[in-house]
Amino acid sequence: MVLTTEKPEVAPVGVASAPGAVKLPKKKRPKGWWLPFALIAPAIVFELLIHVIPMIVGIWMSFIKLTQFYIANWSAAPFVGFGNYQIALNFNGAQGQALLSSFLVTCGFTILVVGLAWGFGMAAAVALQKAFRGRAIFRTMFLIPYAVPMYAGIITWKFMFQQNTGVINQILGALHLIDPNNPPFWLIGNNAFVAMVVVAIWKLWPFAFLMLMAGLQTINEDLYEAASLDGAKPFRQWRNITLPGLGAVNNVLLLVLFLWTFNDFNTPFILFGGGEPPAGDLISFHIYNTSFITLNFGFGAAMSVLLLLFLMLVSAIYLVFINRRSRRA
Amino acid sequence: MKKRVLGAAAIFAAAALTLAGCSGSGGSSSSTDSAGSITYWASNQGTSLQNDKDVLQPLLDKFTAQTGVKVNLEVIGWNDLQTRIQTAITSGVGPDVVNIGNTWATSFQATGAFLPFDDSAMSAIGGADKFAATALSTGGAAGQTPTSVPLYGYAYGLYYNKAMFAAAGLTPPTTWEDMVADGKKLTDPAKGVWGTSIEAGSYTENNHFAFITSAQNGGAYFDGSGNPTFTQSQNVDGIQRYIDLMQTDKIADTADAQYSTGTESISNFAKGTAAMIFNQNNAEANLTADGMDASQYGVVPIPAPASGKPVASFIAGINLSVFKNTKNQDAALKFVNFMTSPDTQSALGKPFSSIPVLKDATPTFTTDPDIAKTFSNIYNNLSQPLPTVPLEASFETEVGNSMNTLFATVATGGSVSSSDIQSALNTAQEKVAASN
């Protein structure tokens with residue numbers, strides 16, 4: 001809801017205004033000095049409209065008691081200071097406990113999904129690095145999950161995960177991995193977590209694959225040749241040539257995968273519909289449910305701000321870490 | 001150096017894009033109506049959104065011919081309706097007239113966004129007297145000027161398969177205990193046949209039965225001043241009784257725990273794999289579509305325990321509300337009057353399978369006179385309104401969702417004791433209270 005942050009469009013301001021900053025104080029402005037400002041003005045206006053103002057409104061909402069009694073007239077909503085935050089962070093209370101458990105589920109989900117999606121993407125990209133017959137077919141096939149409309153893809157998984165009619169239990173039954181008379185549920189209870197992870201990986205890994213595949217094209221083939229002449233085995237080549245060569249790509253890729261996954265709303269929303277099992281209660285879904293279904297937008301906004309702070313913190317730590325490492329390199 | 005700056009910029013841009021991905025749902029629909037037109041949001045009552053349009057459009061044309069007011073119709077599915085209305089209330093930009101689930105009436109009334117039907121507004125739509133008392137009681141909190149008027153009425157009934165009951169030598173149950181005993185006789189898991197089939201993964205239906213079973217036990221989810229009383233023993237016992245249909249009575253299949261669309265149990269009933277279902281009176285269209293004729297089943301009120309109170313349903317239905325900020329209040333009220341007129345009501349009763357909300361109106365929702373009589377009786381004499389308190393919407397969601405989880409526990413081999421229910425209700429109550 002309020003999760004926005006500034007884009008770097010504002011950066012050119014300093015550059016553009018540099019010619020004006022000549023030492024003589026009373027010098028006439030050069031002809032056309034306004035042009036750079038005019039050119040960036042639309043960007044700034046829309047930046048304010050689309051990102052900054054909604055974010056500020058969201059932060060403001062988190063400090064007022066915006067419940068059903070006030071949503072028709074926001075200005076009447078009483079100011080509650082950090083009251084909404086206190087409820088969200090009181091882990092002895094029911095709401096705080098629910099938020100904490102949702103947060104932990106989301107952390108586990110993110111680690112598994114990002115790790116495995118990255119792993120699959122890397123494996124596929126490396127496997128398809130050398131030219132062979134039919135490589136284009138594989139590349140295309142691997143990208144299909146990314147091309148399928150998200151809703152259609154997830155709803156198909158929902159059908160496949162049905163306990164009594166789903167194809168997954170039929171396959172598992174045929175392989176004698178489960179008792180066909182008592183097939184497991186995938187969309188309710190604790191297995192819901194597994195189902196959600198599987199669907200999210202399926203949805204995400206082609207993106208990792210695509211990015212890593214593109215990154216691999218920039219690594220000089222000669223390095224591999226030289227390495228194999230020196231007797232380096234494939235794993236060694238991967239670790240010492242491929243991985244460092246993909247450094248810049250990985251830096252961006254991992255951050256994006258993390259943020260997308262941590263914010264994932266569509267997967268639980270489509271997979272579970274209105275009644276989410278506790279094991280599938282991802283945090284953005286949790287915030288949506290709390291604010292929209294119980295009509296408490298102030299509390300929802302407070303949780304959104306907390307989520308924003310957490311994601312910004314993680315991103316900042318990550319960037320500092322990456323910067324240090326690249327400075328050392 | 002340059003590379004690093006570029007890399008950092010790229011990361012930042014990506015981060016911005018990603019974080020932005022989570023932003024904003026400022027959906028709004030413009031209501032730039034000319035003087036002679038209103039916008040009407042209808043709920044999905046027919047077999048599809050298109051079906052609703054096909055049913056409603058001829059009537060709207062008739063209204064336009066009578067009054068000169070043009071009606072812009074939008075039919076909205078149930079998944080989106082509540083969110084759309086909330087967005088309209090929050091933003092102040094919405095339709096003139098809207099259908100609401102009648103259980104939301106008090107929650108929306110509390111927002112102050114809807115026009116109160118005071119004496120003058122009420123007389124503009126034909127007077128409060130034209131409505132059946134039961135139906136009108138859902139218009140808002142008791143003692144306050146209602147902000148919605150009834151449009152379609154619904155009630156729960158117990159549908160039973162006549163042939164299966166006859167083959168087992170049974171008559172339709174009159175107590176909860178009878179129903180369970182009958183269910184046990186009719187259940188044969190080896191053949192995939194069950195006494196009943198329930199939508200145990202639907203938080204709305206679960207919530208309805210939390211309410212009905214509690215009312216049968218003489219309990220309540222809110223006290224007189226609107227404070228939640230979720231953890232009373234009557235509520236716990238009621239939920240236990242409902243969950244036990246699957247857990248200890250074993251007359252409902254564990255597969256039911258993931259049913260949530262409201263149609264799976266109907267389809268089991270039509271296929272003959274469930275001998276009884278609890279459903280509102282709009283099942284006929286689906287049953288016919290699934291190949292079951294109205295002569296093959298009967299309907300009786302959902303029975304209460306022998307020692308319980310005769311409550312068989314909540315007063316379900318759809319109400320009509322007018323947005324207070326409408327620029328065309330006269331036209332909006334004329335339209336409400338038209339929709340709740342005897343002619344329109346009887347024209348819509350059949351396609352939408354609704355119980356009439358007008359006094360002394362003849363039901364048109366079914367071809368079977370016995371079924372019509374049974375449902376009219378349930379609706380007018382055996383139904384109680386869901387709590388008419390502002391926290392109703394939160395109550396529906398929180399209690400319904402806890403029951404989803406409890407059913408999931410039973411289905412995946414766990415067991416649910418009354419202390420589990422007690423603690424689930426306690427959590428739900430704390431959440432409802434904390435979020436207020």
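A crossing counts as right-handed if the near helix is turned clockwise from the far one by less than a right angle. Keep that in mind for the first of these close-ups, which come from a predicted model.

**View 1. Helix 9 meets helix 10 in chain B.** Here helix 9 (residues 203–216) of chain B packs on helix 10 (residues 233–247) of chain B, with the axes 8 Å apart and an angle of about 120 degrees. That makes the two helices oblique to each other, and helix 9 passes helix 10 in a right-handed crossing. Helix 9 brings F209(B), A210(B), T213(B), S214(B) and Q216(B) to the contact, while helix 10 puts in Q234(B), N235(B), G238(B), I239(B), R241(B) and Y242(B). Sorted by class, that gives four nonpolar, six polar and one charged residues.

**View 2. A look around N268(B) in helix 11 of chain B.** Helix 11 spans residues 264–271. N268(B) is buried, since 24 other C-beta atoms lie within 10 Å and the cut-off for buried is 20 or more. Leaving out residues up to four places away in sequence, N268(B) touches S197(B), T273(B) and A274(B). S197(B) sits 71 residues from N268(B) along the chain, yet their C-alpha atoms are separated by 7.1 Å.

**View 3. The five-stranded open sheet of chain B.** Its strands run in the order 2-1-3-10-4, with mixed pairing. Strand 2 (70–76) and strand 4 (149–154) are the edges, each pairing on one side only. On average, neighbouring strands are turned by 20 degrees against each other, direction ignored.

**View 4. Strand 1 of chain B and its surroundings.** Strand 1 (residues 37–43) runs parallel to strand 3 (residues 97–101), and two bridges join them. W41(B) stands opposite V98(B) in strand 3. Helix 2 (residues 49–67) lies across strand 1 and strand 2, running at about 165 degrees to strand 2.

Note on methods: Residues are numbered from 1 along each chain as its sequence is written. Chains are lettered from A and ligands numbered from 1 in the order in which they are written. This is a predicted model: local features need pLDDT of at least 70, side-chain atom pairs count only at pLDDT 80 or more; totals for chains, interfaces and linings use all residues. Axes are lines fitted to C-alpha atoms, for helices over the stretch in contact, and angles run from 0 to 180 degrees between N-to-C directions. Helices (H or I, at least four residues) and strands (E, at least two) are DSSP runs, numbered from the N terminus. Angles under 35 degrees count as roughly parallel, over 145 as roughly antiparallel, 65 to 115 as roughly perpendicular and the rest as oblique. Two residues are in contact if their C-beta atoms, placed from the backbone, lie within 7 Å. Ala, Val, Leu, Ile, Met, Phe, Trp, Tyr, Cys and Pro count as nonpolar, Asp, Glu, Lys and Arg as charged, and the others, Gly among them, as polar. A residue is buried if 20 or more other C-beta atoms lie within 10 Å of its own, exposed if 12 or fewer, and partly exposed in between; C-beta atoms are placed from the backbone. Two strands pair if DSSP finds at least two bridges between them.
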